[in-house]
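Here is a short note for a colleague who has not seen this structure before.

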Amino acid sequence: MQGVPRHKHWPVAAGRTRLIVVLAVLLLGITGCAESSEPAKPGVLTVGVREPASLLPADLRDQAGRMLVGALWTPLVDYDAATGKSTPRAAESVSSTDQLTWEIKLRADGRFHDGTPVTARSYVDTWHTVADERWAGSGALTEVLRPVAITAPDEHTVRIVLDRPFGQVPAVLASPALLPLPASVLASRDWAGFAADPIGNGPFRMAEPWRRGAGGRISRVVEAAGKAREIQFRVGASAAQYDQVKAGSLDLASEVPGERHDAMHHDFADRHAMWPLPEAGYLAFPLSDKRFEDAAVRYAFAMAVDRAALAADPLAHQVDPARAILPPGVAPGERSGTCRPCLHDQAAAKSFLGQVAFAGPVTLYFGAGQEQWARTLADQIGTALAVEVTARQRGDEANAPGDGPFLVTRALSTSSPYEVLAALAKSAGYADDGFAQLLASADSIGASADSGQLYRLAENQLLRDLPVAPLWSGHGHAVWAARVHEVTTAPLQGIDLASISV
């Protein structure tokens, strides 16, 4: 018959040979798959991150950079904004008798990872460099601390003389922007080279230079029982890293994208964290525009905003709706009252606007990185108030626009309430003697519950006069594998890699 092969039955020996070959191929395939998913190594932690913008401590602009620098350096103090308490770290003590002249005593055993000592001159020279270079965090020094003199009376003493009494110095000294740089880079000024292979004074040191687009490794300087002795960083997209942790091929993902936000709570029920970030968004009003002179108009615009919808989309669950002007990461204690202009109340918003003769259209100005949520915000306000509102990108002008409200995003470099309150008043051109006096009173006493109450009073005045309306405050997310324990976080640093056990 046609179509029938010549041999109706395979020889037994040939069949066995082919069976062995097939099994061998299958076994090789299984072995190859196992080797491609490298098993977890004892004491080695794998962490997924986005590409950090910089690893220069005074030029940090994202979560990844803050987390890495927090592992590579030890700050002068740790500071808890909620309680106003500071804990000495690289400093032995921080003291002042008049809140005007401050002395920082350094620990005698401080060393950089290249073996050179960390001295008072290390800080003095670094801080002068930070001011000169105008890095992203330089405002911690030039706008918040505001020294008129920084000296090193001896090898282990830094003396700072300020331009006014300021009790928030410990809060500022916790800033990554004021971490010391070794003499070698201060002399060479090779900032790009240093950012790829930084030399700090912290619990971890670079084990290899950072590779853009790939990642790097850091190793613990002094091993601690149960803690990670080496950390391997992998650069990639946060959605892929989330799935890798879920599959067991990555230990920790340092960000969670919006599309995984709801799933996070059941995928990693007891293995996820959320913490406040040092960033917040505001709607500022042009007080020079006569249409916005009446506070009723400003309240109308503030209460027309649906902050929860804004946080969900287009801000993709990476922020919380604002409940105060001070974001949680720097807020002293708890607010005693409700932030009324933070509430979404369309009826009240229309009622406020109806109290005055208001004429549109209105231009809402936004800057770089704000376009997506600015257009949603403009639509919300326009719909709620029945006013034509158009979002438009600002030019490069230094001054705030005078013919429409504008968005302000503050990335904070310190944990001091002074930084955000003073910066927002300046952004909006708000000048009020009562507010200035409250701020000066809060500044002049030491960091404590009393100063926290005074900062809250200053915040209440901003909420009453409303030169700016709070919109959102940022938060971070992380998820981790079952082998990972003791994950802690802080607003300025993010995930504390040194505390993690594996």
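1. In this predicted model, Glu293 and Lys290 meet through their side chains in a salt bridge, with 3.8 Å from N to O. The term stands for a side-chain nitrogen of Lys or Arg within 4 Å of a carboxyl oxygen of Asp or Glu. Glu293 is partly exposed at 47% relative accessible area, while Lys290 counts as exposed at 67%. (Buried means under 20% relative accessible area, exposed over 50%, and partly exposed in between, with a 1.4 Å probe and protein chains only.)

2. On the source: this is a predicted model, in which local features need pLDDT of at least 70 and side-chain atom pairs count only at pLDDT 80 or more, while totals for chains, interfaces and linings use all residues. Residues are numbered from 1 along each chain as its sequence is written, and side-chain values use heavy atoms, with hydrogens and water left out.

3. How many salt bridges does a search of the whole structure find? The search gives 21. Glu208, Arg211, Arg217 and Glu230 are joined in a network of them.

4. Arg483 forms a salt bridge with Asp251, and their closest N and O atoms are 2.8 Å apart. Arg483 sits in the loop between E17 and E18, and Asp251 in the loop between helix H8 (238-247) and strand E11 (252-253), so the pair ties together parts 232 residues apart in sequence. Helices (H or I, at least four residues) and strands (E, at least two) are DSSP runs numbered from the N terminus. Asp251 is buried at 6%; Arg483 is partly exposed at 24%.
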